[in-house]
Structures are given as structure tokens and as C-alpha cells.
Amino acid sequence: GHCHPSITKAATAQMELLNANSRFLHDNIVQYAERLANTLPQKLCVFYFVNSGSEANDLALRLARQYTQNKDVVVLDHVGLFSLSSAYHGHLTSLIDISPYKFWKLEGQKEWVHVAPLPDTYRGLYREGHPNPGQAYADTVKNLIDEISCFFVESLPSVGGHIILPPGYFPKVAEYIRAAGGVFVADEIQTGFGRVGSHFWAFQLQGEDFCPDIVTMGKPMGNGHPLACVVTTKEIAGTFTANGVEYFNTFGGNPVSCAIGLAVLDVIEKEDLRANAVRVGSQLKKLLKQLQAKHTIIGDVRTFLIKTSLLCSGVGLFLGFELVKDRVALTPATEEAGLLVQRLKERHICVSTDGPWENVIKFKPPMCFSMEDAERVTEQIGFILQGYTSNIGLKL
């Protein structure tokens, strides 16, 4: 949540003691890196601290290119939508170039950027009825690549419409990418630090044995404080260091930022926020499914399908539901979604829309979100949707 007393106290205490740029040694950065390392696969053990998610993704791109000596990048997008697109990795020029959400509105796709279909099992190429959508979508990546620097992906695509990726997708894509000489970059800037509940990192939903080559993290890392990070392997970091170009970040990993980062980890553990994400997220999804049964305008509630075709509750507090005008044609209910957000705001409930048509209502609430909060939000959504029919639309 906002202004957590423990985090405010840690920040104040460190600011009263010392803040310095990262050329000066201090214990906080080492302690913080060790704490983060304990949440990650063992081979991810070299940390670069920066100030924002955009900085982290830009550095990840540099690491990948230095290691592979290739420039080409594979990213995800909705098939054939152009100008109404998905993947977003930051606001720097280097990242706009690999973000269809941005580049279709500006200069278009660069020749070294390759776009694979977003694995959307609701309205994409391969849907829930497909026997193995993870494999099928991974094969679309294999068909794109020759020599590549990296596959750059959000572990759970957000701007693209709060997409829950099919199981098995990441391991197969990683296999294909590495065979082509590239590396796998997992963007955890919106999804890391226990939001999915069942795991600390969203990429772990793809299997306990799956490990990216580079992971970027940011937004929740400092609870509002500008703190972000790139973590990678010794091999990739060694190649980056060996190029003779010094990398330095003046305030990335400074004593105050690391004190705040440590305090955030303490709160996640002491208040058992991952378990809260599982409990509340599961209840929120259940309530949204109940609303879907009552209101045909709710076409899909995002769920995670495991290989046995049973639902998995591992998406925690990363949830979304898609509004459609009809459930067969899947015509996006964009105006209705905007009105729903507006009506919720009038009830002091803040949500927003995502997806290429802005018809997906997204939930990424503070990790302290409670059962009572979930009940209140869905109750109000139900009241608002009662005013909707196919004849008169959503009442103002």
C-alpha cells in the first residue's frame, strides 16, 4: 500500500545517516542483492541497480546485444492490429523501438524488430480449445528467428490486455531463442515481488525449472521510490564488462534506495503479502466469474490454464476481465468499458482499461488489497452492469 510506516521509517533513518552515490561502498547494496538473489534461480546472481524500469530494460537490451553480438529482437503483438498494439517496455528511444504499443504510432517497425503473435487464448490465433496453445504459440516464434540477440517479453503482458500466457510457452520459446544464439529477457517490472501470489516472480508460473537469462524489475520494488534492477548470469555480465566500456549509474543502488528496498522485502514477508495475493486474488476471480455468468457483456475473466485443463489460482492480484458486445464475434465493448471505469471512479474505486481496444478492465491493486475490498469492488461492478442491455447500452 501507500506510505507504509515501516518503509517510511527505513527511508527516514537512512537519509538521516547517509546518502551517497554508488561509487562509495556501503553494506545496504550487498545485503539487498543477497536478499533478492534468494528469491531467484541460482544462476541469476549479478545485479545492476538503476532508477527506473525504462533504465532497467534499456540496460537489459545492451547486455543481450553485447553478449550475442546481434541486434535483432523478438517482441509480442496482437496479430495484424498495427496502431492498436500490445507490448510495452519503456519510454526511452531504444525501448520505443521494441514496443509495438508505441512504435506503430510513431516511425513504425524497425527492420531488426521481429513481432510474434501475442499468446492470447481468448481471441488470438490459438484459443482455449487448442490441445497445446503454449507449443503452438512458441512455434510462431521459431518461424521468425535466424540470428537473434534476445526475446523480450513481459512475464504477464499488461498493456496487451492482461494476458495470462499458456503453460509451456516460455520454456519452448527459450529453447528456440537460445538455439538461434539469443537470450531470454523477462520483464517483471509490473508483475514481480509476489503479485502473482503463488510465486515471487511471474515467470515462475511457467515451471519451477524455467529460468530466463536476464530479468528486469522496477515499479513495486521501492513502493513508489525510484528503484529498479537488472539481474543476469555471470557469463552475460562478464561479456558486458569485457567490452572495456565502463558501466556506472550514479544513484542506482544508493544507500537510501537499498534501505527502502530491504524494507519492502521485510513487509512482503512479515505481512505474508504473497499469501494475501493468493487468497484475495482467488476470491476476486471467483466473484468476477459470478458476474460473468450474470452479464453477457463480460466475455472473459483472465485465467491460467494448466495442462490438465483445470484452472490454476496462481495469478494472484494480476487480474482482468474483457468486455465484449457479443460473445461470438468478440466485438470489443470499448465505450462500455470506459463508462464502467468512470462510474467506478464516482464510487471512489480506481481501475483502468488496457488491451488494444481499451476494453479490458485491469486489476493490479496494492498488495494489501483485502477480501472486503474485493467484495465491494465486484458488488459495485454488478450494480453498474445491471444498467446494461444490448438495446440501451450502459446507462449514464
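The points below go through selected features of this model, which is predicted.

1. Nonpolar cores. The largest nonpolar core has 90 residues. Those with the most contacts inside this core are Tyr-32, Phe-151, Tyr-169, Phe-193, Met-217, Phe-321 and Phe-363. Nine residues of this core come from helix α9, residues 255-270, which gives the most to it. Another core, of 25 residues, lies apart from the largest one and includes Ala-56, Val-185, Val-230 and Ile-236.

2. Met-217. This residue is among those with the most contacts inside the largest core. Leaving aside neighbours within four places in sequence, Met-217 is in contact with Leu-36, Leu-40, Ala-56, Glu-188, Ile-189, Phe-193, Trp-201, Ala-228, Cys-229 and Val-231. One of these partners, Phe-193, is also listed among the residues with the most contacts in the core.

3. Helices α2 and α9. Two packed helices are described by the angle between their axes and the distance between the axes. Here helix α2 (residues 27-37) packs with α9 at an angle of about 35°, and the axes are 9 Å apart. The crossing in which α2 passes α9 is left-handed. From α2, the residues in the contact are Asn-28, Ile-29, Gln-31, Tyr-32, Arg-35 and Leu-36. They meet Pro-255, Cys-258, Ala-259, Gly-261, Leu-262, Leu-265, Asp-266 and Glu-269 in α9. Sorted by class, the contact has eight nonpolar, three polar and three charged residues.

4. Ser-54. Helix α3, residues 53-68, holds Ser-54. Is Ser-54 buried or exposed? Its relative accessibility is 8%, so Ser-54 counts as buried, the cut-off for buried being under 20%. A polar atom of the Ser-54 side chain lies 3.1 Å from the backbone nitrogen of His-91. Not counting residues up to four places away in sequence, Ser-54 touches Gly-90, His-91, Leu-92 and Leu-95.

5. Thr-232. Strand β7 (residues 228-232) contains Thr-232. Thr-232 counts as buried because its relative accessibility is 0%. What does Thr-232 contact, leaving aside its neighbours within four places in sequence? The partners are Lys-43, Leu-44, Cys-45, Val-46, Tyr-48, Leu-63, Asp-213, Ile-214 and Ala-237.

6. Positive phi values. Most residues other than glycine have a negative phi. His-162, although not a glycine, has a positive phi of about 55°. It sits in the loop between β4 (150-154) and α7 (169-179), and with a relative accessible area of 0% His-162 is buried. Asn-223 is not a glycine either, and has a positive phi of about 50°. The loop between β6 and β7 is where Asn-223 lies. Its relative accessible area is 32%, so Asn-223 is partly exposed.

7. Gly-207. The loop between β5 (183-187) and β6 (214-217) contains Gly-207. With a relative accessible area of 26%, Gly-207 is partly exposed. Along the chain, Gly-207 and Ala-329 are 122 residues apart, and their C-alpha atoms are separated by 33 Å.

8. Pro-356. This residue is found in the loop between β12 (352-354) and β13 (360-363). Pro-356 is buried, its relative accessible area being 9%. Pro-356 and His-78 are 278 residues apart along the chain, while their C-alpha atoms are separated by 7.9 Å.

Note on methods. Residues numbered from 1 in each chain as written. Predicted model: local features only at pLDDT ≥ 70, side-chain atom pairs only at ≥ 80, totals over all residues. Heavy atoms only, no water. Helix = DSSP H or I, 4+ residues; strand = E, 2+ residues; numbered from the N terminus. Buried < 20%, exposed > 50% of the residue type's maximum accessible area, 1.4 Å probe, protein only. Polar contact = N/O pair within 3.5 Å; in protein donor to acceptor, adjacent residues only side chain to side chain. Contact = heavy atoms within 4.5 Å. Core = buried A, V, L, I, M, F, W, Y, C linked by side-chain atoms within 4.5 Å. Axes fitted to C-alpha atoms, helices over the stretch in contact; angles between N-to-C directions. Left-handed = near helix turned anticlockwise from the far one by under 90°. Nonpolar A, V, L, I, M, F, W, Y, C, P; charged D, E, K, R; others polar.
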